[in-house]
Amino acid sequence: MPYNVPSFLQAKIKLSVEINGIWIPFNRALDSLARHVYPLLHFIENESAFDLGQAGSSLLVRHEGNLLQIFSNHQLTNIGIDAGDVVICRNELPEHTALGPCEILTPTTEIPQHANLNDIKLVRYDSPNMREQLDARFLQNSLLGISSLRDVQPDSVELLFATGFPTKVSNTDFAMDDTTGEIANVHVHSRSVKLYFQLAEAIRSDPENRTTLELHDKLESDLESDFNGYSGAPVFFLWMDEEKNPHIGFAGMIVEVSFGRRFHLFPGNVIQDILRDI
C-alpha cells in the first residue's frame with residue numbers, strides 16, 4: 001500500500017529529496033525507501049526438505065561497494081537460526097532465486113552495561129553474475145551520508161515512518177525442482193505496511209542505548225496492534241533545515257515494542273558508527 005503524505009506536510013514540501021542518487025518528489029520518496037526493506041528470510045532444515053521461514057524485517061543497503069543486509073541479532077537467536085542460513089530471494093535472478101551471504105559481520109562491545117548494543121547483525125552478499133540485478137534491490141544512498149536523530153534538532157523533525165513485514169500479513173511460498181532438489185521459484189506475499197511515529201518522552205522503563213518513539217497520535221498507521229515481525233525494520237524521518245528544505249534522515253532499526261505503542265530502536269547513529277568501522 002503506497003504511503004500517503006499527510007496533507008499538513010504536503011504544504012511544507014517544496015523541493016525533492018535524494019534517494020539512490022536521484023532527486024525525486026518527497027511523496028514518492030517514502031515508497032522508494034520502502035523498496036529496500038526486505039523480509040528476513042532463512043532456510044529451515046526439515047527431515048526431507050528445506051523450507052523457507054521468515055523472521056521479521058531487514059534493510060538492504062549498499063556501503064562502499066558492499067551489499068549489506070542489516071537486522072537485529074535476536075531475530076535469529078530467538079528461533080535458533082544461524083546467520084549463514086539467511087537468504088535473499090528474487091524471482092528475476094538468473095538461474096537461481098535464492099542467494100546466501102558470503103560474509104557474516106557481528107559487531108560486539110565488551111562493556112557490560114552496553115551489552116544490548118550487540119543486538120545487531122550484518123551479512124554481505126556478492127555474486128558477479130547477479131550484481132546488476134542485486135544492485136537495484138539495495139539502497140544506494142550511504143547511511144553515512146544522511147543525518148541521524150542525534151544530528152538534528154527535535155523540532156526540525158516533521159515525520160518519522162517505517163515499513164515492515166508483520167507476521168500477520170506476510171507469507172512465503174516456494175517450489176522445489178523435482179530433478180535438482182533446488183529451489184525453483186519463490187514468492188513472498190506481503191502488502192506494504194506503514195507506521196507513523198512521533199518522538200517519545202523518556203520513561204523509567206525504557207531500555208538503555210535505545211531511541212524510543214511512539215505511534216503518532218494524529219496519523220493513522222496500517223496496524224494498530226500485533227507488531228510481531230517489525231524487528232529489523234528501519235525507521236527513516238523527514239526533517240527541514242533552516243531554509244525549509246526537506247531532507248531524509250535515518251532514525252535507526254526497530255528492536256522492541258513495549259506497552260503496545262512504544263517502539264525502541266537500535267540508534268541510527270550507532271549503526272552509522274558500525275558501518276564506519278567495518
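Is S72 buried or exposed? S72 is buried, at a relative accessible area of 0%. Buried here means under 20% relative accessible area, exposed over 50% and partly exposed in between, with a 1.4 Å probe and protein chains only.

This is a predicted model: local features need pLDDT of at least 70, side-chain atom pairs count only at pLDDT 80 or more, and totals for chains, interfaces and linings use all residues. Residues are numbered from 1 along each chain as its sequence is written, and side-chain values use heavy atoms, without hydrogens and water.

**Overall make-up**

The protein has 5 helices and 18 strands. These are DSSP runs numbered from the N terminus: helices are H or I with at least four residues, strands E with at least two. Of its 278 residues, 51% count as buried. The accessible surface is about 13500 Å², and carbon and sulfur atoms hold 46% of that. Areas come from the Shrake-Rupley method with a 1.4 Å probe; for residues, only the protein chains shown count as cover. Among contacts between residues at least 6 apart in sequence, 65% join residues at least 24 apart. Contact means heavy atoms within 4.5 Å.

**Around S72**

S72 sits in the loop between β5 (66-71) and α3 (74-77). Its side chain makes a polar contact of 3.3 Å with that of H74. Another, of 2.7 Å, joins the side chains of S72 and Q75. A polar contact is a pair of N or O atoms within 3.5 Å; within protein, one must be able to donate a hydrogen and the other to accept it, and residues adjacent in sequence count only if both atoms are side-chain atoms. Beyond its neighbours within four places in sequence, S72 is in contact with D119, I120, S231, G232, M253 and V255.

**Aromatic pairs**

The whole structure holds 5 aromatic pairs. Rings of Phe, Tyr and Trp (its six-membered ring) pair if their centres lie within 6.5 Å; planes under 30 degrees apart are stacked, over 60 edge-to-face, the rest tilted. Two of the pairs are tabulated.

| Pair | Centre distance | Plane angle | Class |
|---|---|---|---|
| F197 and F263 | 4.9 Å | 65° | edge-to-face |
| F236 and F250 | 5.6 Å | 50° | tilted |

F197 lies in strand β14 (residues 193-199) and F263 in strand β18 (residues 262-267), so their pair ties together parts 66 residues apart in sequence. F197 is buried at 1% relative accessible area. F263 is buried at 0%. F197, F227, Y230 and F263 form one aromatic cluster.

F236 belongs to strand β16 (residues 234-240) and F250 to strand β17 (residues 246-258), so this pair links parts 14 residues apart in sequence. Both F236 and F250 are buried.
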